[in-house]
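Notebook open. I wanted to look up a strand arrangement and a helix pair.

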Amino acid sequence: MYRSSNIVARIFDRQICTPAPGTSVHHARRFYENLVPSYTVYEVECPDHSFRKFTDDGQYLISFSRNHQELIVYRPRWLSFSCKDEDCDKHDLPSRAKRFDSFFSQLYCVPLASCNELICKDFFLYMESNQLGLFATSTAQIHDAPAVGGAVHGVPSIEKITFLLLRLEDGEILDKKVFSNDFVNLTHNMGVFLYDDLLAIVSLRYQTIHILQIRDSGNLVDVRAIGEFCREDDELFLNSNAQLQLPGNHIENHLHQGQPNLGNSFLSGIKQRLLSFIFQGLWNEERDDTLRIQRLRKKFYFHFQDYVDLIIWKVQFLDRHHLLIKFGSVDGGVSRNADHHPAFVAVYNMDTTEIVSFYQNSPDELYLLFEQFCDHFHATSRNSMYMNFISSHSNNIHALEQLRSIKDKASSSAQFVKKMLASLPFSCQSQSPSPYFDQSLFRFDDKLISATDRHRQSTDHPIKFILRRHPYSLKFKIKPGPEAGSMDGRAKKISSFLFHPILPLALSVQQTLFLQPSVVNIHFRR
């Protein structure tokens, strides 16, 4: 623990003191209490792009053109300028230093989308070990598309969804994966999850979890598809048995069509696993046969069709072998706000193809796990060192106190638990690893700003970052929009904040809903 808040004294302390085992990174991060983005350049002259985020290692700034056709990648660089006087801090920055290209250098601009496709501006995943970026383009949604070929009725269709794997060093497209007449929820990476070199893509329309591997060569390789079938040979087994059972004069016709139509007679493999788990759990709860039958009638058969109608909403990796899967109704799966729809969570083992656990009428049990072991739900790749220090209520006492304060103020405990669990499974790479969101270092209003990657209602008041430790002083402010505030108070404005994961550098982007140019401010340590 540093004895002084003075940065020079802290450097001397670091030379002569050894931190406790396992705390060296936390010890070093306390230097960010002294190194803060305390200076703001308002309304920076910059290209009219849609800025997405910094990569987790801080090497690249990802942005898209306004027509959502091109990817533009920048390299962050620190501002440098000359000054004739001895004390440069007293002088304003030269006009040249207030430009965007003084802080960022453009590496390249690559067209990703064709004329009838658009880049999904809310989707981007980064593979830090190989510096690869995953992007997506798609055509327009068809909301009233007919449910054919095993598609779920009520789920929209997109004629073409293309996932592109790029090497960010030079912008070369290494591989593509195309989904036709399908629907993948790409908003805030909801339908895709990256863990190490494994990629899970959820097809809502066909209820399939596609597991792919990203090879070191930059190839996207299909590993397995979980949904209609769970094991690699399930389809072969069912097809061969169906052909044996068909009359001889019908075999040739079915073979000519490609495969027997098993959709009307079989539930999907993942649905059968789920029903079996629920049935066995209820069966084992009672030892008396009469009570067992009564319980099954009440708890299983009465709700059988409700279980059958469940669809997969969202998936995340817990590790390389287990998936956390959220099930719910069709309406909730395609709704922008699924919090109002009932949902259930299951843990699925990909190796054994078994449901390990299922939470339906026991949200309190799941919430207890969520509160105590939240970091286990934030499955991060082993190579992402920066992501291991994101504050949560299971690793930070201040975040835990904040969570319990919200819980105590909630009018209904059940509604509070439901709201908290609505975030599961977590979206991939949805939080910033910036040390300025470390709640053991700084205190801020999480209604206005947080590590979570989301647009926020803009405010004309600066957002304050206050020290957690003595002297509990205000260290810096982040103010989106013009320095003097917005002239039009009626226009609805939203803001997004892009914090560099290492440097005292941040972008605040304020935009209105009328497609006016964004107001970009750069916050940095001068």
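Predicted model: local features only at pLDDT ≥ 70, side-chain atom pairs only at ≥ 80, totals over all residues.

I find four strands in an open sheet, ordered β12-β13-β14-β15. Their pairing is antiparallel.

Which strands stand at the edges? I noted β12 (192–195) and β15 (220–226) there. Each has a single partner strand, so one side of each lacks a neighbour in the sheet.

Next I took the pair β13 and β14. Strand β13 covers residues 198–203, and strand β14 covers residues 208–214. How many bridges join them? I have six, and the two strands run antiparallel.

Then I moved to the helices. I picked α9 (residues 363–372) and α12 (residues 413–421). They pack at an angle of about 55 degrees. Their axes lie 10 Å apart. Because of that angle, α9 is oblique to α12. Left-handed or right-handed? I recorded a left-handed crossing where α9 passes α12.

Last, I listed the residues that meet. From α9 I have Pro363, Asp364, Leu366, Tyr367 and Phe370. From α12 I have Phe416, Val417, Met420 and Leu421. I sorted this contact of α9 with α12 by class: eight residues are nonpolar, none is polar and one is charged.

Terms used
Residues numbered from 1 in each chain as written. Heavy atoms only, no water. Axes fitted to C-alpha atoms, helices over the stretch in contact; angles between N-to-C directions. Parallel < 35°, antiparallel > 145°, perpendicular 65-115°, else oblique. Left-handed = near helix turned anticlockwise from the far one by under 90°. Contact = heavy atoms within 4.5 Å. Nonpolar A, V, L, I, M, F, W, Y, C, P; charged D, E, K, R; others polar. Pairing = 2+ DSSP bridges.
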